[in-house]
Amino acid sequence: MAIVLIVDDEFGIASLLEDVLEDEGHRSILAANGRQALEKAGETRPDLVITDFMMPVMDGAALIASLSNHPELKKIPIILMSSLPEPTVAERCSGYASFLRKPFKILEVIDLVEKLLAKKIERSAYHMTSIAIDIFLQSALAVGTRGRRLC
């Protein structure tokens, strides 16, 4: 089960995404704009963010920029949604993992969420394996081959 932060000022879209993702076994958190999303992301550390591009108070581009500047939140994958074509959005915004054009198909959302969450799990597993290897090598070097400490 992943925590997904859904950010959209259109309640109908946010509610639909919440229902779909919860049916898939995920926990959803809703925010109506980027400022609320930043607060909720800091409190909950979501595994994924799905955000609209155009919103009042703080738009998707500003939210993505703020998340990418935060040391603990910058690695969260982000799906950016818009009714505008991606090339138009990309002129003002970068740093998102995937783009979702509105109106979207529900199965497209489910597939995209699962794909990004799987990539995040792979990155976490790789990171943990790297740490374990580093610890093992440090221990092996400290002990040496005959049980004598080399350091």
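**Note on the salt bridges of this predicted model**

1. Arg 92 forms a salt bridge with Asp 59, with 3.0 Å between the closest N and O atoms (a salt bridge being a side-chain nitrogen of Lys or Arg within 4 Å of a carboxyl oxygen of Asp or Glu). Arg 92 sits in the loop between helix 4 (86-90) and strand 5, and Asp 59 in the loop between strand 3 and helix 3, so the pair ties together parts that are 33 residues apart in sequence. Arg 92 counts as exposed at 54% relative accessibility, whereas Asp 59 is buried at 18% (buried means under 20% relative accessible area, exposed over 50%, and partly exposed in between, with a 1.4 Å probe and protein chains only).

2. The model is predicted, so local features need pLDDT of at least 70 and side-chain atom pairs count only at pLDDT 80 or more, while totals for chains, interfaces and linings use all residues. Residues are numbered from 1 along each chain as its sequence is written, and side-chain values use heavy atoms, with hydrogens and water left out.

3. Across the whole structure, a search finds five salt bridges. One of them joins the side chains of Lys 102 and Glu 10 at 3.9 Å, N to O; Lys 102 counts as buried at 10% relative accessibility, and Glu 10 as partly exposed at 41%. Both residues also belong to a network of salt bridges that links Asp 8, Glu 10, Asp 52 and Lys 102.

4. The side chains of Glu 72 and Arg 45 meet in a further salt bridge at 2.1 Å, N to O. Glu 72 is exposed, with a relative accessible area of 53%, and Arg 45 is partly exposed, with 34%.

Definitions and conventions:
Helix = DSSP H or I, 4+ residues; strand = E, 2+ residues; numbered from the N terminus.
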